[in-house]
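Trainee: Before we get into details, could you walk me through this model? I'd like to ask about it bit by bit.

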Amino acid sequence: MKESDVTRNAALLLTMVIMALLLFGVKDTLVISMPVIVILLLVMGSVPFVKWSIADALLAVTTLQTIVSCCYSVTPLPTFSTASVSVFMFAAYLFQRSAISSGKSAGIVIHGYAVIFFVAMLLAISTFVIYHDAVVRAGFHDTYHFRFMYRPLGYINNMWAEITIVILGVSCLLAGKFRIPMMCMAFVAVLLTFSRGAYISAMVFVVMSLLLVRKKRFVTDTLLSLAVAMVAVGAFCKSDMMTTMRMNATTSQQKSVEWRVNKTIASADLIKARPLFGYGNGSYTLVADGTAMSEDQNTFTNMAPNIVVLLLVEKGIVGTVPYILLTLWVLYMMWRHRRNMRISIAGCTLVALTVKDMTHATMSQTGVLLFVACSLVALMHNAGSEETPAYVASRRTAGAEAIMFMALMVVYGVVATTNHLHDKELSATVKGMEAVGRYVKTHDKGDIQTACHELATASAQHPYDKSIAFLSAYAKMLYGDNKHAMDIVDKLLEQRKEYGLYLFMKGCLLYNNGMEQQARATMCRAICNMPRLMHSKELANIAVRDSTFYQALKTDVMTVTGHCCKVTSPIKKANYGYILHYWGHRDKAIPLLTDAVGNMPGLQTPWMLLGEKEKYRLLRDGVLNNDNKTASTGNTPLTTDMLELMLASYLPKFETWYCAELPFMDKKTDNHE
C-alpha cells in the first residue's frame, strides 16, 4: 500500500472517530482532535486556494464572522466558545475535503458512519423501551406528552430528532443488502421521537430524494422501509404517532406553535435594533429573554424558535447572507448532479436538516450535526470521481491553514486558561451577589451597600440581563431605598407585565410605602401568576405582622380564583387549583386540577395534589430515578424568599449566558410550580 493511501486511510478513520466522540458526548473532543487534524492536514495537503469552491469560501466567511463577533457581542463568553467550535468545524471541513477526495473515500466514510449510527440507534431504541415502560407503569396511557423525559444518548428529544434525520440520510447513502435494515431502523428512530418537526423534515427528505433519485431499487427500498417502520411503530404506539401526525390537535401542540409564532414576531424589534451585524453569537436567549413569555413563568429554553430568527438576531443581515448563499449552492449542486445518487441524497439530507431547524433551531448547539454536515458538503464536492481525486492537494496551502489554526489554538488556550475575560464580565455581578448572600446571613450594612453598588454596576454592564436588574432592585429594597428599587421594578414590568416575581416585589415596595390597597392588588396578580409566592417568607412575615392585610389579600386572591369557570388555559387552571387546594377549598380545586392534567398531562404538581403519587414521582424524578418509593411527594412546600425563587429560575440562564456557575446557589431548591 502506498504511503499516501496509508495517510488517507488514517484520515478517514480519524473522521469516523471524531464523529463517534461527538455523537456519544465525549468531553474535550475538540481540544484533543484539533492538533491531530492540523498534523494530518499538513501530511495530506489541502485544497489549493485557487481550487476553492463557492462553498469553501462561504464557510470561511461564516467562520471569520464568528471570530469577529467576539469583538462586539453582548455575550462575550458564549460567543468565544461558539467561535472556537466554528474554527474547529472549519478545520474539520478542510480536513475532510482532503480526506474525502473521491467517491471511494466517500463510500468508506459513509459505511463507517453507518456502523456508528447503528450502535446509536440500538441504544436509542433500548432507551425508548425503558422510557415507555416507566410511563405506562406510572399509569399513563401514552407517551406523547412526556417526550421531554426521553433522552437517548443524553440528548433532549428535539436534538435527537434532528440527529435521526442525519441517520436517515446516511442510511440511504448505503449500498447493498445493509441499506434496507438501516433505513428501517432510521425511520423507526425518526417516528419514535414523536416530533412534528422530525416528521415534516423526514417527509421532505423522502419526497425530494424520490424525485431526484429515480432508481427503481432505491424507490422500492425507501417506500418499503418507511412502510415497515410505520407498521412497527403503529403496532405499539399508534396513539402517539397519530397525535404527532395531527400536528395541532392537543393543547400542548397548540401552545408550542403559539410560542414559536410569538417568539418570531417579538424578534422583529430585536432585529430592527441591530439589523446589520446582530448581537453576536450565542446572544439570542439573553436579548430575547422576557419577550413573548409563555404562561409557565418558570420555563427557559436556550434555543430559538427557528434558524431564520437565530441568524438574523445573532448575526444580522450581513452574517445571514452567506448561509442563504450556501443553501442556494447546495440546491444548485443537487440539480446539476441530479444523476449522482450520493450528491443528491447528501443535498436532500442538508435540506431536511434546514427544514427541521425551521421548527426549532438545535443544529448550532449539536456538535455531531455540524460535523456530519461538513462531511456531507465535502462529499458533494468529490463524490463524482470514483477513484481519482478531483484535485492535486497542496502542502503549501495546508501549511498556511495550519499556521492560522495553530495561532487560533494558542489564542484559545491563553483565553481559556486565564480568567481575564471571565473576570471582566462577571466581577461586579459575583461581588454583588456574594455581598447579598452575606447580608442575608449577617445583616451587615456594609455588605448591602457593597451589593447595591456592585449590582448597579453589573446591571449597567449587562443591560439585557433582567435578573441582574432584579437583584439590584432587591438589594436596594433591603437597604431601604424603596424609590430607586421601585423605578427598576417598573422598568422591568414594562416588558414582562405579568411576571410574578416582579409584581410581588412591587407589591412589597408598595406595602412598605403604606400604599396597602395598591399593594394588595399587585400581590394578588403576582400570586395568581406564580402560586409559589403564597409560601414566600415575605408574605409569611406580613401575615405575622399584619394579619388584617394578609386576610384581605387572601380574600382578593380567592375572589379571582372564584371566576375559574371563565379560565380556559390548563396552566391557569393548575395555578388556581393549586391556590384553592392549599387554602382549604379542595372541593373546588379537584375539578380544576383534573381538567388541567387532562389537557396537559405533563404538568407536575397537579398530580401530587390529586394524590397520584406514581405519576408525580415519574415527572419529578424522571425515568431512571423513579424507583425511590420512600421519597417525599412534596405535599409540604418549602418556604422561600424572593431571592431564592429568582435564583432557581436564573440558574440555567446564568450558566448559558456566562458559562459559569451561579454564586451561592442551592441547586436542590424544590419547585412545585
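What follows is a set of questions and answers about this predicted model.

Trainee: Let's start with helix packing. How are α6 and α13 oriented to each other?

Mentor: Take α6 as residues 157-173 and α13 as residues 341-357. Their axes come within 9 Å and cross at roughly 170°. Angles over 145 degrees count as roughly antiparallel, so α6 and α13 are roughly antiparallel.

Trainee: And how do the residues of that contact divide into nonpolar, polar and charged?

Mentor: On the α6 side you'll find Ile-165, Val-166 and Leu-173 among the residues involved, and on the α13 side Ile-345, Ala-352 and Lys-356 are among them. Glu-162 in α6 and Arg-342 in α13 also belong to the contact. The residues divide into 10 nonpolar, three polar and four charged.

Trainee: Now aromatics. What kind of aromatic pair do Tyr-499 and Tyr-502 form?

Mentor: The structure holds 20 aromatic pairs. In the pair of Tyr-499 and Tyr-502, the centres are 4.7 Å apart, with 80° between the planes. Tyr-499 is buried, and so is Tyr-502. Planes over 60 degrees apart count as edge-to-face, so the pair of Tyr-499 and Tyr-502 is edge-to-face.

Trainee: Which residues do ring pairs link into a cluster?

Mentor: Look for Phe-405 together with Phe-49 and Phe-90. A Trp belongs to the cluster as well.

Trainee: At what distance from the ring centre does Arg-338 lie over Trp-335?

Mentor: Here Arg-338 lies over the face of Trp-335. The distance from the ring centre is 4.0 Å.

Trainee: On to single residues. Is Lys-653 buried or exposed?

Mentor: You'll find Lys-653 in helix α28, residues 642-658. Leaving out residues up to four places away in sequence, Lys-653 touches Asp-289, Phe-300 and Arg-496. The relative accessible area of Lys-653 is 6%. Buried means under 20%, so Lys-653 is buried.

Trainee: Which residues is Thr-63 in contact with, leaving aside its neighbours within four places in sequence?

Mentor: Thr-63 sits in helix α3, residues 54-69. With a relative accessible area of 7%, Thr-63 is buried. Its contacts are Ser-86, Val-87 and Phe-90.

Trainee: How far apart in space are Ala-378 and Ala-55, C-alpha to C-alpha?

Mentor: Ala-378 belongs to helix α14, residues 367-382, and is buried at 0% relative accessibility. Not counting residues up to four places away in sequence, Ala-378 touches Tyr-93, Gln-96, Arg-97 and Ile-100. Ala-378 and Ala-55 are 323 residues apart in sequence, but in space the figure is 9.2 Å.

Trainee: What about Gln-518 and Tyr-199: how far apart are they in space?

Mentor: Gln-518 is in helix α21, residues 516-529, and counts as partly exposed at 39% relative accessibility. Gln-518 and Tyr-199 are 319 residues apart in sequence. C-alpha to C-alpha, the separation is 50 Å.

Trainee: And what separates the C-alpha atoms of Ala-235 and Ala-456?

Mentor: Ala-235 is in helix α9, residues 216-246, and is exposed with a relative accessible area of 60%. Ala-235 and Ala-456 are 221 residues apart along the chain. Their C-alpha atoms are separated by 60 Å.

Trainee: Backbone next. What is phi of Met-247 near?

Mentor: Met-247 sits in the loop between α9 and α10, and counts as partly exposed at 27% relative accessibility. Its phi is positive, in a residue other than glycine. The value is near 70°.

Trainee: Last one: is His-443 buried or exposed?

Mentor: His-443 is in the loop between α16 and α17. Phi of His-443 is positive too, near 60°. Its relative accessibility is 53%. Exposed means over 50%, so His-443 counts as exposed.

Note on methods:
Residues are numbered from 1 along each chain as its sequence is written. This is a predicted model: local features need pLDDT of at least 70, side-chain atom pairs count only at pLDDT 80 or more; totals for chains, interfaces and linings use all residues. Side-chain values use heavy atoms; hydrogens and water are left out. Axes are lines fitted to C-alpha atoms, for helices over the stretch in contact, and angles run from 0 to 180 degrees between N-to-C directions. Helices (H or I, at least four residues) and strands (E, at least two) are DSSP runs, numbered from the N terminus. Angles under 35 degrees count as roughly parallel, over 145 as roughly antiparallel, 65 to 115 as roughly perpendicular and the rest as oblique. Contact means heavy atoms within 4.5 Å. Ala, Val, Leu, Ile, Met, Phe, Trp, Tyr, Cys and Pro count as nonpolar, Asp, Glu, Lys and Arg as charged, and the others, Gly among them, as polar. Buried means under 20% relative accessible area, exposed over 50%, partly exposed in between (1.4 Å probe, protein chains only). Rings of Phe, Tyr and Trp (its six-membered ring) pair if their centres lie within 6.5 Å; planes under 30 degrees apart count as stacked, over 60 as edge-to-face and the rest as tilted. A charge sits over a ring if NZ of Lys or CZ of Arg is within 6 Å of the ring centre and within 35 degrees of the ring normal.
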